[in-house]
Amino acid sequence: MDFQGVIVHWYKENKRDLPWRKTKDPYRIWLSEIMLQQTRVEQGLPYYQKFTAAYPTVFDLAKAQEEEVLKLWQGLGYYSRARNLHTTAKEIAHNFKGTFPNGYDALKKLKGVGDYTASAIASICFNRPTPVVDGNVYRVLARYFGIAIPINSTEGIKYFKALAKELILKDQPGDYNQAIMEFGARQCKPQSPNCKLCNLQNSCVAFAEGKMGELPVKLKKTKVKKRYFNYLIITDNEKTILQQRKNKDIWQNLYEFPLIETSKEVEIEHIAGHDTFLKLIHGNAYNIRLFNEELKVHKLSHQHIYTRFWIVTLHGKLKSGTVIEKVKDYPVPVLIANFVEDFGF
């Protein structure tokens, strides 16, 4: 049995029972593919189930309010995916009358749909021979063929895409694409691949040369940026202040408490004398304290957010604000959601 045959046979015997594998509905496939970008299946599955329950069709998602979509997405991360998802749903509903384009090129023009997602939808839903290349596919191909070209280099991206195109089964592209991704996720794993029980063992270059831990090759990541967030939890015990992030930055359109961003860890004197703090206090008397002395670290792909929450209790009343009991209704970054839970809002 050749490489492709082994992969597809393995898939039929070992594939996980997942809801998006029981349909060829482009809406459901698209939803699952967007959710599983940068996300493990175990984490993404509950979100897929929540979204399909709340929005059974692309028309339902298109009609939803963005805040509602972001709230349902809360905790899944990479929130631009949710915003793009909502934008594309509206485009499909309004401009395409609810019908997804059936070709790779047309799919790729949709917001938030890149090479990988367009290839997946085209092959799974419309039987187009468009190969998918994700982290799992890179790993399987690099190990099996012994390829040391960095997978995140321009040369590597082109090389692996061309190889994947050459290998795809034209008579069952959807099954093959899903098979090689699943094989990489469960058999040819990043750590401790199950080589002893692998039917490709006899022809795998990495196994023959003992290079499973060296392949695939990846160029070093860009330097991680450190940011220091000081959140102001201003409250009169009835209301607090929430603000929406409108700038082109992480967590766009999500809500948060007023923020003072600094270049390093700062003390209470810096916070209490800051213009942002003084404008929010409006001359009221107050007490201020740290919720927790420990600096919380929230790790994103290229940023580490060092966070402190400053509890500011006013002696007077806030003129306007958010009722404390309503704070949990707003879509917020996960570090804010965790604080709200810990603080007891």
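Buried means under 20% relative accessible area, exposed over 50%, and partly exposed in between. The exercises below use a predicted model.

**Exercise 1.** Find what joins the side chains of K22 and D17, and state whether these residues are buried or exposed.

Solution. 
- Step 1: The side chains of K22 and D17 form a salt bridge, with 3.1 Å from N to O.
- Step 2: K22 is exposed, and D17 is exposed as well.
- Step 3: This pair belongs to a structure with 15 salt bridges.

**Exercise 2.** Describe the pair E261 and R227, and classify each residue by its accessibility.

Solution. 
- Step 1: A salt bridge connects the side chains of E261 and R227, at 2.8 Å from N to O.
- Step 2: E261 sits in strand β5 (residues 259-262) and R227 in strand β1 (residues 225-235); the two are 34 residues apart, and the pair links distant parts of the chain.
- Step 3: The relative accessible area of E261 is 40%, so E261 is partly exposed.
- Step 4: R227 has 6% relative accessibility and therefore counts as buried.

**Exercise 3.** Work out which parts of the chain the salt bridge of R245 and E256 ties together.

Solution. 
- Step 1: The side chains of R245 and E256 meet at 3.0 Å, N to O.
- Step 2: R245 and E256 are both buried.

**Exercise 4.** Locate L280, classify it as buried or exposed, and list its contacts beyond its neighbours within four places in sequence.

Solution. 
- Step 1: L280 is part of helix α14 (residues 275-281).
- Step 2: With a relative accessible area of 15%, L280 falls under the 20% cut-off and is therefore buried.
- Step 3: Apart from neighbours within four places in sequence, L280 contacts L232, I234, I241, Q243 and P258.

**Exercise 5.** Describe how helices α8 and α11 cross, and what kinds of residues make their contact.

Solution. 
- Step 1: The axes of α8 (residues 115-126) and α11 (residues 173-186) come within 7 Å and cross at roughly 130°.
- Step 2: The two helices are therefore oblique to each other.
- Step 3: Their crossing is left-handed.
- Step 4: α8 contributes Y116, S119, S123 and I124 to the contact, and α11 contributes P173, G174, N177, Q178 and M181.
- Step 5: Sorted by class, the contact of α8 with α11 has four nonpolar, five polar and no charged residues.

Key: Residues numbered from 1 in each chain as written. Predicted model: local features only at pLDDT ≥ 70, side-chain atom pairs only at ≥ 80, totals over all residues. Heavy atoms only, no water. Salt bridge = Lys/Arg side-chain N within 4 Å of Asp/Glu carboxyl O. Buried < 20%, exposed > 50% of the residue type's maximum accessible area, 1.4 Å probe, protein only. Contact = heavy atoms within 4.5 Å. Axes fitted to C-alpha atoms, helices over the stretch in contact; angles between N-to-C directions. Parallel < 35°, antiparallel > 145°, perpendicular 65-115°, else oblique. Left-handed = near helix turned anticlockwise from the far one by under 90°. Nonpolar A, V, L, I, M, F, W, Y, C, P; charged D, E, K, R; others polar.
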